[in-house]
Amino acid sequence: PSLGVGRRASRVGRRIVMDVEGAIQELCAATGATVEVARNLLEACQGDPERAAQLYFAEATGEAEVRPPDAVKVDVLYADQPRTDVPRDAVDAFRGFKDDSRELAKLFAPPEAMLFRGGLDKAKEKACEQGRWLLVNVQSSTEFASHRLNRDLWTDELVQSTVMASFVFWQTYHNADEGAKACHFYKLEHLPVIMVIDPVTGQKLVQWTGYVSPEKLMENLLPFLDRGPLDGGPPPVSLKRTRSNETPATKKPDHVQLGLSSDDAELAAAIAASLEASETAQETIGEGPSAVPEAADDAHEERESTELQDLLQAVQELQPEPDAGNPQSCRVAVRLPGGGRIQRRFLRDQRVRLLHVYCMQELEEARRGRAFQLSPSMPGSSPLQDMEATIAQSGVADSILNMKWTD
(Lines give C-alpha, C1' and ligand atoms only; values in the text may rest on other atoms or scores of the structure.)
Protein backbone atom coordinates (compact mmCIF):
# COMPACT_ATOMS: atom_id res chain seq x y z
CA PRO A 1 0.00 0.00 0.00
CA SER A 2 2.84 2.41 0.80
CA LEU A 3 4.24 1.86 -2.70
CA GLY A 4 0.91 2.88 -4.25
CA VAL A 5 0.77 6.08 -2.21
CA GLY A 6 4.29 7.02 -3.30
CA ARG A 7 3.45 6.53 -6.97
CA ARG A 8 0.37 8.73 -6.67
CA ALA A 9 2.38 11.48 -4.92
CA SER A 10 5.01 11.32 -7.60
CA ARG A 11 2.42 11.72 -10.33
CA VAL A 12 0.86 14.73 -8.47
CA GLY A 13 4.31 16.31 -8.06
CA ARG A 14 5.10 15.95 -11.74
CA ARG A 15 1.71 17.47 -12.60
CA ILE A 16 2.33 20.47 -10.28
CA VAL A 17 5.77 21.04 -11.77
CA MET A 18 4.27 20.86 -15.21
CA ASP A 19 1.53 23.31 -14.17
CA VAL A 20 4.15 25.74 -12.75
CA GLU A 21 6.32 25.52 -15.83
CA GLY A 22 3.25 26.03 -17.98
CA ALA A 23 2.25 29.08 -15.98
CA ILE A 24 5.76 30.50 -16.36
CA GLN A 25 5.66 29.97 -20.11
CA GLU A 26 2.20 31.48 -20.31
CA LEU A 27 3.27 34.52 -18.25
CA CYS A 28 6.39 35.02 -20.37
CA ALA A 29 4.34 34.87 -23.56
CA ALA A 30 1.75 37.34 -22.27
CA THR A 31 4.10 39.90 -20.77
CA GLY A 32 7.43 39.39 -22.48
CA ALA A 33 9.10 38.88 -19.11
CA THR A 34 12.09 36.60 -18.67
CA VAL A 35 11.69 33.16 -17.13
CA GLU A 36 13.36 34.27 -13.92
CA VAL A 37 11.12 37.34 -13.58
CA ALA A 38 8.03 35.28 -14.35
CA ARG A 39 8.97 32.67 -11.71
CA ASN A 40 9.49 35.36 -9.06
CA LEU A 41 6.17 36.99 -9.92
CA LEU A 42 4.30 33.71 -9.65
CA GLU A 43 5.92 32.98 -6.31
CA ALA A 44 4.90 36.41 -5.07
CA CYS A 45 1.32 35.88 -6.29
CA GLN A 46 1.08 32.29 -5.00
CA GLY A 47 0.98 30.81 -8.52
CA ASP A 48 -1.87 32.97 -9.85
CA PRO A 49 -0.85 33.91 -13.44
CA GLU A 50 -3.45 36.69 -13.72
CA ARG A 51 -2.30 38.46 -10.56
CA ALA A 52 1.33 37.98 -11.61
CA ALA A 53 0.62 39.66 -14.96
CA GLN A 54 -1.09 42.60 -13.25
CA LEU A 55 1.86 42.99 -10.89
CA TYR A 56 4.29 42.93 -13.80
CA PHE A 57 2.50 45.67 -15.76
CA ALA A 58 2.03 47.78 -12.62
CA GLU A 59 5.74 47.68 -11.88
CA ALA A 60 6.58 48.37 -15.51
CA THR A 61 4.27 51.43 -15.56
CA GLY A 62 5.75 52.72 -12.33
CA GLU A 63 9.28 52.47 -13.66
CA ALA A 64 8.30 54.41 -16.80
CA GLU A 65 6.85 57.31 -14.73
CA VAL A 66 9.87 57.81 -12.46
CA ARG A 67 11.56 61.07 -13.57
CA PRO A 68 15.24 61.71 -13.11
CA PRO A 69 16.29 63.62 -9.94
CA ASP A 70 16.37 67.42 -10.02
CA ALA A 71 19.66 69.11 -10.56
CA VAL A 72 21.30 70.46 -7.40
CA LYS A 73 20.77 74.19 -6.92
CA VAL A 74 22.42 76.51 -4.42
CA ASP A 75 20.67 79.80 -3.59
CA VAL A 76 19.76 82.15 -0.69
CA LEU A 77 16.37 81.23 0.71
CA TYR A 78 15.85 84.66 2.34
CA ALA A 79 17.95 87.70 3.08
CA ASP A 80 17.37 90.42 5.68
CA GLN A 81 13.74 90.99 6.53
CA PRO A 82 12.39 93.92 4.46
CA ARG A 83 10.37 96.71 6.02
CA THR A 84 6.73 95.65 5.95
CA ASP A 85 5.48 99.22 6.35
CA VAL A 86 6.92 100.44 3.03
CA PRO A 87 4.27 100.45 0.27
CA ARG A 88 5.09 99.53 -3.31
CA ASP A 89 4.96 103.07 -4.63
CA ALA A 90 7.50 104.18 -2.04
CA VAL A 91 9.98 101.57 -3.19
CA ASP A 92 9.47 102.46 -6.86
CA ALA A 93 9.40 106.24 -6.39
CA PHE A 94 12.36 106.69 -8.75
CA ARG A 95 11.59 103.95 -11.26
CA GLY A 96 11.15 106.49 -14.09
CA PHE A 97 14.81 107.55 -14.00
CA LYS A 98 16.07 104.43 -15.84
CA ASP A 99 19.75 103.79 -15.19
CA ASP A 100 19.97 106.38 -12.41
CA SER A 101 17.10 104.88 -10.36
CA ARG A 102 19.36 102.83 -8.09
CA GLU A 103 21.59 105.77 -7.24
CA LEU A 104 18.60 108.02 -6.61
CA ALA A 105 16.88 105.41 -4.45
CA LYS A 106 20.07 105.06 -2.44
CA LEU A 107 20.39 108.84 -2.10
CA PHE A 108 16.84 109.20 -0.74
CA ALA A 109 16.75 105.92 1.20
CA PRO A 110 15.19 105.85 4.70
CA PRO A 111 17.64 105.96 7.65
CA GLU A 112 17.52 102.22 8.34
CA ALA A 113 20.20 102.30 11.06
CA MET A 114 18.13 104.69 13.18
CA LEU A 115 14.71 103.10 12.79
CA PHE A 116 12.74 101.04 15.26
CA ARG A 117 11.39 97.89 13.65
CA GLY A 118 7.78 97.23 14.51
CA GLY A 119 4.44 98.97 14.89
CA LEU A 120 3.61 102.19 16.71
CA ASP A 121 2.40 100.44 19.86
CA LYS A 122 5.61 98.42 20.06
CA ALA A 123 7.62 101.61 19.55
CA LYS A 124 5.78 103.20 22.51
CA GLU A 125 6.55 100.17 24.66
CA LYS A 126 10.22 100.30 23.68
CA ALA A 127 10.39 104.01 24.46
CA CYS A 128 8.85 103.39 27.88
CA GLU A 129 11.34 100.62 28.60
CA GLN A 130 14.25 102.90 27.72
CA GLY A 131 12.78 106.02 29.33
CA ARG A 132 12.94 107.95 26.05
CA TRP A 133 10.61 110.17 24.06
CA LEU A 134 9.17 108.72 20.85
CA LEU A 135 10.10 110.60 17.66
CA VAL A 136 7.75 109.81 14.76
CA ASN A 137 8.08 110.65 11.07
CA VAL A 138 5.06 109.95 8.84
CA GLN A 139 5.92 110.32 5.16
CA SER A 140 4.24 110.34 1.76
CA SER A 141 6.14 108.93 -1.21
CA THR A 142 4.42 111.47 -3.48
CA GLU A 143 5.70 114.46 -1.48
CA PHE A 144 9.26 115.44 -2.32
CA ALA A 145 9.65 116.94 1.15
CA SER A 146 9.56 113.37 2.51
CA HIS A 147 12.49 112.39 0.31
CA ARG A 148 14.34 115.57 1.34
CA LEU A 149 13.99 114.56 4.97
CA ASN A 150 15.67 111.24 4.19
CA ARG A 151 18.40 112.88 2.12
CA ASP A 152 19.19 116.02 4.13
CA LEU A 153 17.80 115.69 7.66
CA TRP A 154 18.17 112.10 8.76
CA THR A 155 21.65 111.82 7.24
CA ASP A 156 22.96 114.75 9.31
CA GLU A 157 25.53 113.40 11.76
CA LEU A 158 24.45 115.58 14.69
CA VAL A 159 20.80 114.70 14.14
CA GLN A 160 21.63 111.00 13.91
CA SER A 161 23.70 110.96 17.09
CA THR A 162 21.11 112.97 19.04
CA VAL A 163 18.13 110.90 17.91
CA MET A 164 19.88 107.57 18.49
CA ALA A 165 21.03 108.65 21.96
CA SER A 166 17.82 110.22 23.28
CA PHE A 167 14.82 109.01 21.27
CA VAL A 168 13.16 105.93 19.85
CA PHE A 169 12.70 106.81 16.18
CA TRP A 170 9.77 105.36 14.22
CA GLN A 171 9.16 106.14 10.54
CA THR A 172 6.28 105.01 8.35
CA TYR A 173 4.33 105.90 5.20
CA HIS A 174 0.81 107.27 5.34
CA ASN A 175 -0.61 104.52 3.10
CA ALA A 176 0.93 101.66 5.06
CA ASP A 177 -1.35 100.00 7.62
CA GLU A 178 0.46 101.43 10.66
CA GLY A 179 0.85 104.81 8.97
CA ALA A 180 -2.85 105.03 8.20
CA LYS A 181 -3.67 104.31 11.85
CA ALA A 182 -1.23 106.99 13.01
CA CYS A 183 -2.72 109.54 10.59
CA HIS A 184 -6.23 108.78 11.83
CA PHE A 185 -5.34 108.75 15.52
CA TYR A 186 -3.31 111.99 15.48
CA LYS A 187 -5.45 113.67 12.78
CA LEU A 188 -2.59 114.24 10.34
CA GLU A 189 -3.73 116.01 7.20
CA HIS A 190 -0.56 117.44 5.64
CA LEU A 191 2.56 115.35 5.10
CA PRO A 192 5.34 114.75 5.86
CA VAL A 193 5.02 115.15 9.62
CA ILE A 194 7.57 114.90 12.42
CA MET A 195 6.20 114.72 15.95
CA VAL A 196 7.33 113.93 19.48
CA ILE A 197 5.02 111.60 21.40
CA ASP A 198 4.89 110.89 25.11
CA PRO A 199 5.12 107.08 25.14
CA VAL A 200 3.44 106.85 28.55
CA THR A 201 0.23 108.67 27.63
CA GLY A 202 0.43 108.51 23.83
CA GLN A 203 -0.05 112.30 23.70
CA LYS A 204 1.41 114.25 20.78
CA LEU A 205 3.57 116.94 22.36
CA VAL A 206 4.84 118.85 19.35
CA GLN A 207 4.60 118.57 15.57
CA TRP A 208 6.35 119.95 12.48
CA THR A 209 4.92 119.69 8.96
CA GLY A 210 6.86 119.66 5.70
CA TYR A 211 10.61 119.81 5.37
CA VAL A 212 12.55 120.63 8.56
CA SER A 213 16.20 121.61 8.44
CA PRO A 214 18.70 119.91 10.77
CA GLU A 215 19.32 123.20 12.61
CA LYS A 216 15.62 123.81 13.26
CA LEU A 217 14.98 120.26 14.41
CA MET A 218 17.95 120.29 16.80
CA GLU A 219 16.79 123.61 18.26
CA ASN A 220 13.30 122.25 18.88
CA LEU A 221 14.48 118.94 20.31
CA LEU A 222 16.73 120.55 22.95
CA PRO A 223 13.97 120.75 25.64
CA PHE A 224 13.51 116.97 25.37
CA LEU A 225 17.16 116.24 26.07
CA ASP A 226 17.04 117.50 29.66
CA ARG A 227 14.75 114.76 30.95
CA GLY A 228 12.75 111.75 29.82
CA PRO A 229 9.05 110.89 29.93
CA LEU A 230 9.45 108.91 33.17
CA ASP A 231 11.13 111.73 35.08
CA GLY A 232 7.85 113.38 36.06
CA GLY A 233 6.61 116.93 35.70
CA PRO A 234 4.78 118.54 32.77
CA PRO A 235 5.95 117.83 29.21
CA PRO A 236 8.73 120.11 27.92
CA VAL A 237 6.38 121.64 25.34
CA SER A 238 2.66 121.68 24.63
CA LEU A 239 0.71 122.01 21.45
CA LYS A 240 -0.61 125.47 20.70
CA ARG A 241 -3.62 126.24 18.60
CA THR A 242 -3.43 128.44 15.56
CA ARG A 243 -4.06 132.07 16.47
CA SER A 244 -7.72 132.96 16.24
CA ASN A 245 -9.01 136.03 14.43
CA GLU A 246 -11.77 136.46 17.01
CA THR A 247 -11.36 139.32 19.45
CA PRO A 248 -11.62 138.64 23.21
CA ALA A 249 -14.97 140.44 23.23
CA THR A 250 -16.58 138.26 20.55
CA LYS A 251 -14.90 134.94 21.28
CA LYS A 252 -17.01 132.41 23.19
CA PRO A 253 -15.57 130.40 26.11
CA ASP A 254 -14.33 126.93 25.21
CA HIS A 255 -17.03 125.10 27.15
CA VAL A 256 -19.77 127.15 25.39
CA GLN A 257 -18.29 126.31 21.98
CA LEU A 258 -18.37 122.65 22.89
CA GLY A 259 -22.03 122.82 23.95
CA LEU A 260 -21.51 121.64 27.52
CA SER A 261 -24.40 121.55 29.96
CA SER A 262 -24.34 123.77 33.03
CA ASP A 263 -23.12 120.94 35.29
CA ASP A 264 -20.41 119.98 32.83
CA ALA A 265 -19.40 123.61 32.40
CA GLU A 266 -18.93 123.98 36.16
CA LEU A 267 -16.44 121.11 36.25
CA ALA A 268 -14.76 122.34 33.06
CA ALA A 269 -14.37 125.79 34.58
CA ALA A 270 -12.74 124.29 37.67
CA ILE A 271 -10.18 122.44 35.60
CA ALA A 272 -9.57 125.47 33.39
CA ALA A 273 -9.15 127.71 36.44
CA SER A 274 -6.63 125.31 37.94
CA LEU A 275 -4.60 125.27 34.74
CA GLU A 276 -4.84 129.05 34.48
CA ALA A 277 -3.64 129.50 38.05
CA SER A 278 -0.64 127.30 37.36
CA GLU A 279 0.22 129.31 34.25
CA THR A 280 -0.21 132.62 36.12
CA ALA A 281 2.34 131.45 38.67
CA GLN A 282 4.77 130.70 35.90
CA GLU A 283 4.22 134.19 34.44
CA THR A 284 4.91 135.79 37.84
CA ILE A 285 8.25 134.00 38.07
CA GLY A 286 9.23 135.50 34.72
CA GLU A 287 8.33 139.11 35.63
CA GLY A 288 11.08 141.72 36.01
CA PRO A 289 13.47 143.73 33.92
CA SER A 290 14.37 140.74 31.78
CA ALA A 291 10.79 139.75 31.01
CA VAL A 292 9.78 140.05 27.35
CA PRO A 293 6.39 141.33 26.09
CA GLU A 294 5.69 138.07 24.26
CA ALA A 295 5.43 136.17 27.58
CA ALA A 296 1.80 137.24 28.08
CA ASP A 297 0.86 136.07 24.57
CA ASP A 298 2.57 132.73 25.10
CA ALA A 299 0.69 132.21 28.38
CA HIS A 300 -2.59 133.14 26.66
CA GLU A 301 -1.97 130.64 23.84
CA GLU A 302 -1.04 128.01 26.41
CA ARG A 303 -4.39 128.47 28.15
CA GLU A 304 -6.11 127.92 24.80
CA SER A 305 -4.11 124.82 23.92
CA THR A 306 -5.67 121.77 22.37
CA GLU A 307 -4.87 119.88 25.55
CA LEU A 308 -7.47 121.99 27.33
CA GLN A 309 -9.90 121.34 24.51
CA ASP A 310 -9.43 117.61 25.00
CA LEU A 311 -10.00 117.94 28.73
CA LEU A 312 -13.22 119.84 28.22
CA GLN A 313 -14.49 117.29 25.75
CA ALA A 314 -13.62 114.52 28.18
CA VAL A 315 -15.52 116.32 30.94
CA GLN A 316 -18.56 116.36 28.70
CA GLU A 317 -18.29 112.62 28.15
CA LEU A 318 -17.80 111.98 31.87
CA GLN A 319 -21.23 113.21 32.93
CA PRO A 320 -23.53 111.76 34.07
CA GLU A 321 -22.55 108.54 35.87
CA PRO A 322 -24.23 105.45 34.30
CA ASP A 323 -26.91 103.62 36.26
CA ALA A 324 -26.02 100.39 38.04
CA GLY A 325 -28.63 98.55 35.98
CA ASN A 326 -27.04 99.51 32.67
CA PRO A 327 -25.58 96.28 31.18
CA GLN A 328 -22.82 98.33 29.50
CA SER A 329 -21.65 99.90 32.76
CA CYS A 330 -18.75 98.78 34.91
CA ARG A 331 -17.19 99.92 38.15
CA VAL A 332 -13.59 101.16 38.33
CA ALA A 333 -11.89 101.90 41.65
CA VAL A 334 -8.69 103.90 42.05
CA ARG A 335 -6.26 103.62 44.96
CA LEU A 336 -4.95 107.09 45.69
CA PRO A 337 -1.29 107.89 46.44
CA GLY A 338 -2.23 108.91 49.99
CA GLY A 339 -3.92 105.61 50.77
CA GLY A 340 -7.57 106.43 50.11
CA ARG A 341 -9.79 105.07 47.38
CA ILE A 342 -12.34 106.49 44.95
CA GLN A 343 -14.68 104.60 42.65
CA ARG A 344 -17.24 105.33 39.97
CA ARG A 345 -19.26 103.67 37.23
CA PHE A 346 -18.24 104.11 33.59
CA LEU A 347 -19.49 102.78 30.29
CA ARG A 348 -17.30 100.02 28.88
CA ASP A 349 -16.89 101.86 25.57
CA GLN A 350 -15.75 105.11 27.18
CA ARG A 351 -12.12 106.15 26.75
CA VAL A 352 -9.32 105.57 29.24
CA ARG A 353 -8.78 109.34 29.16
CA LEU A 354 -11.96 109.71 31.24
CA LEU A 355 -10.32 107.79 34.09
CA HIS A 356 -7.62 110.48 34.22
CA VAL A 357 -10.22 113.26 34.07
CA TYR A 358 -12.10 111.57 36.92
CA CYS A 359 -8.95 111.56 39.05
CA MET A 360 -8.39 115.24 38.23
CA GLN A 361 -11.96 115.93 39.30
CA GLU A 362 -11.43 114.23 42.66
CA LEU A 363 -7.87 115.36 43.51
CA GLU A 364 -6.90 119.01 43.70
CA GLU A 365 -3.21 118.26 43.14
CA ALA A 366 -4.05 116.53 39.87
CA ARG A 367 -6.22 119.47 38.80
CA ARG A 368 -3.30 121.79 39.42
CA GLY A 369 -1.26 119.87 36.88
CA ARG A 370 0.71 117.40 38.99
CA ALA A 371 1.60 114.50 36.70
CA PHE A 372 0.35 111.03 37.51
CA GLN A 373 -0.21 107.66 35.91
CA LEU A 374 -2.74 104.87 36.35
CA SER A 375 -1.89 101.19 36.23
CA PRO A 376 -3.73 97.93 37.04
CA SER A 377 -3.25 96.78 40.62
CA MET A 378 -1.75 93.43 39.64
CA PRO A 379 2.03 93.28 40.28
CA GLY A 380 4.17 93.99 37.24
CA SER A 381 1.39 95.70 35.29
CA SER A 382 2.37 98.53 32.96
CA PRO A 383 0.77 101.99 33.17
CA LEU A 384 -2.20 102.69 30.93
CA GLN A 385 -0.72 104.32 27.84
CA ASP A 386 -3.39 104.47 25.13
CA MET A 387 -5.70 107.27 26.24
CA GLU A 388 -8.03 106.72 23.27
CA ALA A 389 -8.58 103.01 23.92
CA THR A 390 -11.86 101.99 25.55
CA ILE A 391 -12.06 100.80 29.12
CA ALA A 392 -13.08 97.36 27.87
CA GLN A 393 -10.18 97.16 25.40
CA SER A 394 -7.71 98.08 28.14
CA GLY A 395 -9.01 95.29 30.37
CA VAL A 396 -9.69 97.54 33.37
CA ALA A 397 -13.49 97.19 33.55
CA ASP A 398 -14.62 96.15 37.06
CA SER A 399 -11.08 96.42 38.39
CA ILE A 400 -8.90 98.43 40.76
CA LEU A 401 -6.25 100.84 39.48
CA ASN A 402 -3.27 102.32 41.28
CA MET A 403 -2.66 106.04 40.96
CA LYS A 404 0.95 107.15 41.27
CA TRP A 405 2.55 110.57 41.09
CA THR A 406 5.32 110.62 38.49
CA ASP A 407 7.20 113.66 39.78
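1. Helices here are DSSP runs of H or I with at least four residues, strands are runs of E with at least two, and both are numbered from the N terminus. Axes are lines fitted to C-alpha atoms, for helices over the stretch in contact, and angles run from 0 to 180 degrees between N-to-C directions. This is a predicted model, in which local features need pLDDT of at least 70 and side-chain atom pairs count only at pLDDT 80 or more, while totals for chains, interfaces and linings use all residues. Residues are numbered from 1 along each chain as its sequence is written, and side-chain values use heavy atoms, with hydrogens and water left out.

2. Two strands pair if DSSP finds at least two bridges between them.

3. Strand 1 (residues 133-139) pairs with strand 2 in the parallel sense, over seven bridges. Gln139 stands opposite Tyr173 in strand 2.

4. Helix 8 (residues 157-166) packs against helix 10 at an angle of about 25°, and their axes are 11 Å apart. The two helices are therefore roughly parallel to each other; the cut-offs are under 35 degrees for roughly parallel, over 145 for roughly antiparallel, 65 to 115 for roughly perpendicular, and oblique for the rest. Helix 8 supplies Leu158, Val159, Thr162 and Ser166 to the contact, and helix 10 supplies Pro214, Leu217, Met218 and Leu225. These residues divide into six nonpolar, two polar and no charged. Ala, Val, Leu, Ile, Met, Phe, Trp, Tyr, Cys and Pro count as nonpolar, Asp, Glu, Lys and Arg as charged, and the others, Gly among them, as polar.

5. The structure holds six aromatic pairs. One of them, Phe108 with Phe144, is edge-to-face, at 5.8 Å centre to centre and 65° between the planes. Rings of Phe, Tyr and Trp (its six-membered ring) pair if their centres lie within 6.5 Å; planes under 30 degrees apart are stacked, over 60 edge-to-face, and the rest tilted. The pair links distant parts of the chain, 36 residues apart: Phe108 is in the loop between helix 5 (101-107) and helix 6 (120-130), Phe144 in helix 7.

6. A further open sheet has four strands in the order 6-5-8-7, again with mixed pairing. Strand 6 (341-347) and strand 7 (372-376) are its edge strands, each pairing on one side only. The twist averages 30° from one strand to the next.

7. Strand 5 (residues 329-335) and strand 6 run antiparallel, joined by seven bridges. Arg341 in strand 6 is the bridge partner of Arg335. Strand 5 and strand 8 pair in the parallel sense over four bridges, whereas strand 7 and strand 8 run antiparallel, joined by five. Leu401 in strand 8 stands opposite Val334 and also opposite Pro376.

Technical notes. Contact means heavy atoms within 4.5 Å.
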